[in-house]
Each structure stands twice: as structure tokens, then as C-alpha cells.
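Thank you for making the time this morning.

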Amino acid sequence: MKKIKLGIIALLFFFFSPLPAFSSDFVVAPPPKSMDKYYADSGRISEWIAQMRKLSTAFSAIFVSLDKENWVLAEKYSAKFIDSYKKASEMIPEWKEEFDLKAANELKESILAKDMKKLGRASETLGKTCSHCHSKNNTSVWARYYWPSTDTIKVLDPIDEKELPYDVFMEKLSDSLKRISVNFEQEDFQQAWRSLDVFKKRITSLRSVCSKCHVDEWTKGSTSVKEFFVGNDILAVLQEIKKDFATGEPSEKNFRKNIDYINKRSCKTCHLVHQPVAAIQQAWQQKN
Ligand code: HEC
Ligand code: HEC
Ligand code: HEC
């Protein structure tokens, strides 16, 4: 009974390891080119992911079997694990060194010998290969294969009536928002009203870009992705500003509060979600 406990401890160690797996000089480099082919068909589960799930399930099954003191089953799964772990190590040549095939073999040997000490060591070593590679590479893989690039996206500018690159459109959007405040400060409320109309047209136009990346939008539930950042709450706040303007003596406090709402709920929150990856992708492009 005592021996089996050790196996459980090894399992817990693997799943809850508090050791920092990130290095302090964490670098987000583009994933190896040889990975591209496993993500070529965006409509299907990547072959890399499928392989990960295979080896991961086999790995866990070893410990579940040990937990039930079923050594025969544990050995069967360890053979399965070696196969799938080895196959993964051959899929991306640039990452071969990240795998420890020796430790995988030792895991199987330790099960055959019912050697708990060796088993604990081997599973810990193996677990570290998983977490080391994940912390080093997952961010890169996600930025490369899950996020479409803003480079390929054009936004219709309703004022210029032209399709503009994403970042150019952002500059225009930003400019039109600032103009509202400048006009307000100069107490030119008529001009501020016009600037607000321009801004409203631009932020409404931004709604059309969401579906260029959020393609399965229509198959989701009743909440549209467009409720975020460019939703009706933003338009309602613009309407409120206008109503205040119409009084002829708009309150500065209300005006600031409303502009702050737009800055925070539209611009800033959307940037927090979408801009880091756009920045990573652009850094990669500059290197090429
Ligand atoms: C050489 C690098 C590397 C090694 C070693 C590695 N992985 Fe992975 N694994 C990845 C990458 C990269 C992803 C992210 C893939 C993605 O999200 O598209 C991943 C994803 C996964 C996933 C998530 C699959 C999903 O459904 O999204 C699981 C589970 C997993 N790995 C388990 C393991 C286990 C268990 C080990 C060790 C026994 C391991 N991996 C070793 C690189 C590695
Ligand atoms: C360049 C591609 C791109 C564009 C354009 C884009 N998004 Fe996203 N967005 C993503 C990706 C990728 C994610 C990560 C999660 C996912 O795939 O849904 C994400 C995540 C989100 C999330 C977090 C949770 C969720 O629902 O996925 C929200 C909310 C969101 N986007 C809203 C928007 C809105 C609103 C717009 C348009 C005004 C927009 N996005 C435009 C790529 C994009
Ligand atoms: C759909 C999400 C989204 C919303 C809403 C949004 N932005 Fe952006 N913005 C982005 C992304 C993504 C980038 C990075 C684009 C790139 O670099 O290609 C960006 C970039 C910018 C930039 C830098 C442009 C450059 O030269 O790289 C400015 C300025 C900007 N946004 C202003 C604003 C303002 C002001 C608002 C609010 C009125 C706003 N954005 C609303 C997603 C959004």
C-alpha cells in the first residue's frame, strides 16, 4: 500500500508541480517552419494536437492503473506512451532535444521491475519535458496558428470611402475621438457634435471586421461578439453625449465620464485582448 502511495505522489507532482518552468529571459520566437504542415488545415484538429492528446492520455493512464495496483495494465500503457512520445519526437526535428526517450524507456523498465523509486524519478523527468516545452513554445504556437494577422484585413473608412489597412484605420479612429475632446475644450459644441458623428460612423464601421476573424460567429449562441467593444452600450454613450450637447451647456463632468467609458470599454479592453498578439506577429515579420 505504501509503495502505491509513491505512485500517486509522482502523479500529483507532475500535475501540480510548483517549479517555475519559465526562464526569466522568456522569448517568444516563431515556431519552427516544420510545424506549419500540422496546422495547414484550420478546419481540422491539428495533427500535433492529436499526437499530444494520445501521449498525454497514455501517460495519465499509467498512473491511473498504478493507482488501482494493476501493473499489467500500467505496463501496457507505458508501451503505448513510449510509442506516441517517440512519434511526437520525430514530428518536429527542431524540437527533438526536448524529448527524453531514455526516461520513457526507464519508466517502462521501472514498472516491469515494480521499482517505485525509479518510477518516480522517470515520471518526474518526463513531466518536466512536457512543462518545459509547453512554457517555452505554447505562446508562439498560439500566436502563429490561432490568430489571423491584422495585415490581411482592410477596414472601410466611411468618411474617406476607402478600404484602409487596419493600423491606418486605427489612427483615423483615434484621431476622430480626440477631436471631440479638443472641440469640447474649445467650447465649440457645434464642431464637437460633427466630430462625434464622424467618430460614430467609424466605430460602427469597425463592427464589420470582427467576422473576418471570428468566422464561426453565426453558429454560436445568441450573444454576438459585436456586443463587445463596439456594442450598443458604446453607441448609447455617444447618444448621451449628444443629448448633453443639445442643452447648449453640456456638463464637463458628464462629458469626461462618457469619453472615459469609451476609452476604457471600447479601445482599451479591445487592445488588451487583441494587440499583444498583433505586436508579436509584427515583430516576427520585421525579423524576416
Ligand atoms: C517539444 C515540445 C513538447 C513536448 C516535449 C510536449 N508537448 Fe505537449 N504541446 C506542445 C505544444 C506546442 C502544444 C500546444 C499546441 C496547440 O495548442 O496547438 C502542446 C499541447 C499539449 C496538450 C493540449 C492538447 C489540446 O487538446 O489542446 C496536452 C494535453 C499536452 N501537450 C500534453 C503533453 C504531455 C503530457 C507531454 C509530456 C509527456 C507533452 N505534452 C510534451 C509541445 C510539447
Ligand atoms: C485579426 C483577427 C481578429 C479581429 C479583426 C477581431 N478579433 Fe476578437 N479575437 C481574435 C482571436 C484569435 C481571439 C481569441 C479567441 C478566439 O479565437 O475566439 C479573439 C478574442 C476575442 C474576444 C474574447 C472571447 C471570444 O469571444 O472569443 C472578444 C470578446 C473579441 N475577440 C471581440 C472582437 C470584436 C468585437 C471584434 C470586432 C470589433 C474583434 N474581436 C475583431 C481575433 C480577432
Ligand atoms: C476590435 C478591437 C479594437 C478596438 C475596438 C479598437 N482597437 Fe485600436 N487597435 C486594435 C488592434 C488589434 C491594433 C493593432 C493593429 C496592428 O498593429 O495591426 C490597434 C491599434 C491601435 C492604434 C495604433 C495604430 C498603429 O499605428 O499601430 C491606435 C492609435 C488605436 N488602435 C486606437 C484606438 C482607439 C482610440 C480606439 C477606440 C475608439 C480603438 N483603437 C479601438 C484593436 C482595436
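Predicted model: local features only at pLDDT ≥ 70, side-chain atom pairs only at ≥ 80, totals over all residues.

Around ligand 2, the elements that each supply at least two residues of the shell are α8, residues 210-213, and α10, residues 252-287. The largest share comes from α8, which gives 3 residues, out of a shell of 19 residues in which the closest are Trp147, Pro148, Cys210, Cys213 and Phe228. Sorted by class, this shell around ligand 2 holds 13 nonpolar, 3 polar and 3 charged residues.

Let me turn to ligand 1. This ligand is surrounded by 19 residues, and the closest of them are Met52, Ser56, Glu98, Cys130 and Cys133. Two or more residues of the shell come from each of α2, residues 47-67, and α5, residues 116-145, and of the elements involved α5 gives the most, with 8 residues. By class, the shell around ligand 1 divides into 11 nonpolar, 6 polar and 2 charged residues.

For ligand 3 the count is 20 surrounding residues, with Thr150, Met170, Ser174, Cys267 and Cys270 as the closest. Here the elements supplying at least two residues each are α6, residues 166-185, and α10, and the largest share, 9 residues, comes from α10. The shell around ligand 3 has 11 nonpolar, 7 polar and 2 charged residues.

Is His274 buried, partly exposed or exposed? It counts as partly exposed, because 14 C-beta neighbours lie inside 10 Å, and the partly exposed class sits between the limit of 12 or fewer for exposed and 20 or more for buried.

The chain has 288 residues, of which 17% count as buried. Among contacts between residues at least 6 apart in sequence, 61% join residues at least 24 apart.

Now to helix packing. Two packed helices are described by the angle between their axes and the distance between the axes. For α2 and α3, the latter covering residues 71-91, the axes come within 8 Å and cross at roughly 155 degrees. An angle over 145 degrees counts as roughly antiparallel, and α2 and α3 are therefore roughly antiparallel to each other. The crossing of α2 past α3 is left-handed. The contact between these two helices is made up of 14 nonpolar, 4 polar and 3 charged residues, including Trp48, Leu55 and Phe59 from α2, which meet a set in α3 that includes Tyr77, Phe81 and Tyr85.

The second pair is α4, residues 101-112, with α5, whose axes come within 8 Å and cross at roughly 155 degrees, which makes α4 roughly antiparallel to α5. This crossing, too, is described as left-handed. By class, the contact of α4 with α5 has 7 nonpolar, 3 polar and 2 charged residues; among them, Ala103, Leu107 and Ile111 belong to α4, and Leu119, Ala122 and Leu126 belong to α5.

I will finish with two backbone details. Lys114, in the loop between α4 and α5, has a phi near 50 degrees, a positive value in a residue other than glycine, and Lys114 counts as exposed because it has 12 C-beta neighbours inside 10 Å. Glu161, in the loop between β1, residues 154-157, and β2, residues 162-165, has a positive phi of about 55 degrees although it is not a glycine. Glu161 is exposed as well, with 7 other C-beta atoms within 10 Å.

Technical notes. Residues numbered from 1 in each chain as written. Chains lettered and ligands numbered in written order. Near = placed C-beta within 6 Å. Helix = DSSP H or I, 4+ residues; strand = E, 2+ residues; numbered from the N terminus. Nonpolar A, V, L, I, M, F, W, Y, C, P; charged D, E, K, R; others polar. Axes fitted to C-alpha atoms, helices over the stretch in contact; angles between N-to-C directions. Parallel < 35°, antiparallel > 145°, perpendicular 65-115°, else oblique. Left-handed = near helix turned anticlockwise from the far one by under 90°. Contact = placed C-beta atoms within 7 Å.
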